[in-house]
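Take a look at the chain shown below.

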Amino acid sequence: MEFVSYFDYQRHPARQPALQAGRDPRTHAVAIVGGGPVGLAMAIALARQGIASVVLEADDSVCTGSRAGCLTSRSLEILEPMGAAAAVMQQGLPWAEGWSYHRTEEVLHLEVPQDPMATFPRLVNIQQCYIEQFLVDAIDARHAELIDIRWQTRVDALRSDAEGAELDVSTPLGDYTLRADWVVATDGARSTVRKELGARFVGTRYDGQYVIADIKMASAMPPGRRAWFDPPSNPGATLLLHKHKDDLWRFDYQLHDGEDPDEAVQPENVLERIRSHLALIGEPAPWQPVWISLYRASCLTLEQYRHGRVLLAGDAAHLVPIFGVRGLNSGFEDVNNLAWKLAGAIRGWADARLLDTYTTERLFAMRENMRHASKSAEFMAPPAPAFALMRSAVLGLAARHPWVRRLIDPRQSTTVGYPESPLNQPAAPAEFAAGPASGFAFVDGPLDDGTPLCRRIGPGFTALAFDAPALAGRPLGVPGGAPVQLLPAAAAGALGERYDARPGTVYLFRPDGNLLARWRAADAATIQAAVRLCCEGGAR
Amino acid sequence: MSTLAPEELDELYTRLCYRMARAGEPATPQILARLVLLLMHEVGDAGRIGQAITEATRDFPEIVAVESPL
């Protein structure tokens, strides 16, 4: 069978700056190692804070093949101000349903709850190569002056010191050394930067191996998550099937115990298993293969995401099993959490303690992600016979006992807040019957003019003030510090209801859209003091 | 506290043994696992179920390394 491609890839030439004695003579504010989705988003998030960066990418194009496959509404809210969400929505396929089968019997029908007031659907299937291309497009269209992407530039070594880091890079045009005040490592699971720092992952690498295969097939089956346990087409193992736009379908199946991965990944073997599964579900549409790859599930994290002037994000910092889509989505949350803190450190309005909360907050979120993702992974691929026995009992009971289906639920990703963050300020939460508590992300909804709140969050702090006219025209920011915008809204409106607002209620959001504090009444001085305390890294 | 009469316990025990024996040895752990899940649901008290897990496993020391990511 002939393989077909996702789209026509644009190849980017290698470039080299004018070197002086083998060095890039400029000291860069930020060097981003790795131009994958997290690195590209990091560059845009920094540019929105007015910070220039150089992105060092080893390849000459966006990624090929099957990688991340699904974005959450939170990721789309993060991509929206970057100018990439509209393109993702156009190429993406929202889904809100799932079906799990034991052999051929349906044991779970999953409905993903939607928020009727949110701008974006909860889950949107899209292949990573498109996401990367849309981020490159957004950089070209909006941020070309602040972002310098250097394709075909591989980082071979890193030496960090108190003021920054030196990076040795190689390109087809020759090698050189580059200096940056800060380094953000987004170079993926096999991160060179992580190795150069000598930083070690802790956690678990699961035994099971999986094949991912994308095919092109004009099938009328509706979008959604389809999971099979022990299907006749892959006996004793699992198989997942997901629809994407443009007739793309993704198979993700587990290899049997003792199956040789090198053998299993051979196209003829993969295509045979796909053929047999399509026959099982009675799908008659013709199809063509697009991509085949092999992976292993891991639950691993660094215990520190900041190493002096070097920060790690995305897969370079942590890995979770794919079940529940917490991989790339947590990478975008890293970007969202880090960009404004790093910008504050560079511009001088943030204490180094604020930058350290990047680890505190994101590590808390990663542990939550790992807790959920590992439960899903243990169900999908039992790590010991005891897990397999109990799973088989669950699957055997599920058809007649709805309560047991909770254990089959794939636990799709939800946004993890930071309830224990040192940045959180007391807000007497008992006084509020709704709305996000300190540390949690904003809840989307329409402002008085109909604009969704997600389009107005950032790049500075946001004071969402319900019927608080006294704040208009008052300086809310700290001189020389982080900017604070005032966003007025009516307490009686739809958003007011979501936030349990009364006249005078103020919600103060950080630049990443997480809540810093909320009050029933706040004057400009109260808001200023809260912003100052946040920029200092919270109460000592 | 159990409200099972001694004769009821006797009767249920014997019935389960005969039924599992007739299903054959490979089915025995499957049946027990299903029974445990059904009874967990019926008991509906996390504290009591937790104590029962502790009690059931106490004579069996951990001898196999099974990694947990957490």
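## A buried charged pair and its surroundings

A:Glu361 and A:Arg510 are both buried. This is a predicted model. The two side chains form a salt bridge, with N and O 2.7 Å apart. The pair links distant parts of the chain, 149 residues apart. A:Glu361 lies in helix H9 (residues 352-380) of chain A. A:Arg510 lies in the loop between strand E22 (506-509) and strand E23 (515-519) of chain A.

**Domains.** Chain A is divided into four parts: domain 1 (23-92 + 120-201 + 299-371), domain 2 (203-297), domain 3 (374-408) and domain 4 (429-535). The centres of domain 2 of chain A and domain 4 of chain A, taken over C-alpha atoms, are 46 Å from each other.

**Salt bridges.** Side chains of opposite charge can pair when their charged atoms come close. Over all chains, the structure holds 24 salt bridges. The table lists some of them.

| Salt bridge | N to O distance |
|---|---|
| A:Asp60 and A:Arg11 | 3.1 Å |
| A:Asp148 and A:Arg15 | 2.8 Å |
| A:Glu361 and A:Arg510 | 2.7 Å |

Start with A:Asp60 and A:Arg11, joined by a salt bridge. Their pair links distant parts of the chain, 49 residues apart. A:Asp60 is in the loop between strand E2 (53-56) and strand E3 (70-72) of chain A, and A:Arg11 is in the segment before strand E1 (23-33) of chain A. A:Asp60 is partly exposed, at 24% relative accessible area.

Next come A:Asp148 and A:Arg15, which also meet in a salt bridge. A:Asp148 sits in strand E8 (residues 147-150) of chain A and A:Arg15 in the segment before E1 of chain A, so the pair ties together parts 133 residues apart in sequence. A:Arg15 is partly exposed, with a relative accessible area of 41%.

**The sheet.** Strands of a sheet pair through backbone hydrogen bonds, either parallel or antiparallel. In chain A, eight strands form an open sheet with mixed pairing, in the order E6-E5-E13-E14-E15-E12-E16-E19. Which strands lie at the edges? They are strand E6 (105-111) and strand E19 (318-319) of chain A, each pairing on one side only. Strand E5 (residues 97-102) of chain A pairs with E6(A) in the antiparallel sense, over six bridges. A:Trp99 has A:His109 in E6(A) as its bridge partner.

**A proline in a loop.** A:Pro231 is in the loop between strand E13 (225-229) and strand E14 (238-243) of chain A. Is A:Pro231 buried or exposed? A:Pro231 counts as buried, because its relative accessibility is 0%. A:Pro231 touches several residues, among them A:Arg103, A:Leu239 and A:His277. The C-alpha atoms of A:Pro231 and A:Thr104 are 6.4 Å apart, although 127 residues separate the two along the chain.

**Aromatic rings.** The whole structure has 16 aromatic pairs over all chains. In one of them, A:Phe7 and A:Tyr130, the ring centres are 5.1 Å apart and the planes meet at 55°, so the pair is tilted. A:Phe7 lies in the segment before E1 of chain A and A:Tyr130 in helix H4 (residues 128-143) of chain A, so the pair ties together parts 123 residues apart in sequence. A:Phe7 is buried, at 18% relative accessible area. A:Tyr130 is buried too, at 8%.

One aromatic cluster is formed by A:Phe432, A:Phe442, A:Phe466, A:Tyr499, A:Tyr507 and A:Phe509. The charged end of A:Arg520 sits over the ring of A:Phe432, 4.1 Å from the ring centre. Elsewhere, A:Arg309 lies over the face of A:Trp182, at 4.2 Å from the ring centre.

Note on methods: Residues are numbered from 1 along each chain as its sequence is written. Chains are lettered from A and ligands numbered from 1 in the order in which they are written. This is a predicted model: local features need pLDDT of at least 70, side-chain atom pairs count only at pLDDT 80 or more; totals for chains, interfaces and linings use all residues. Side-chain values use heavy atoms; hydrogens and water are left out. Domain bounds come from an automatic or database domain assignment. Two strands pair if DSSP finds at least two bridges between them. Helices (H or I, at least four residues) and strands (E, at least two) are DSSP runs, numbered from the N terminus. A salt bridge is a side-chain nitrogen of Lys or Arg within 4 Å of a carboxyl oxygen of Asp or Glu. Buried means under 20% relative accessible area, exposed over 50%, partly exposed in between (1.4 Å probe, protein chains only). Contact means heavy atoms within 4.5 Å. Rings of Phe, Tyr and Trp (its six-membered ring) pair if their centres lie within 6.5 Å; planes under 30 degrees apart count as stacked, over 60 as edge-to-face and the rest as tilted. A charge sits over a ring if NZ of Lys or CZ of Arg is within 6 Å of the ring centre and within 35 degrees of the ring normal. Lists of a residue's contacts leave out its neighbours within four places in sequence.
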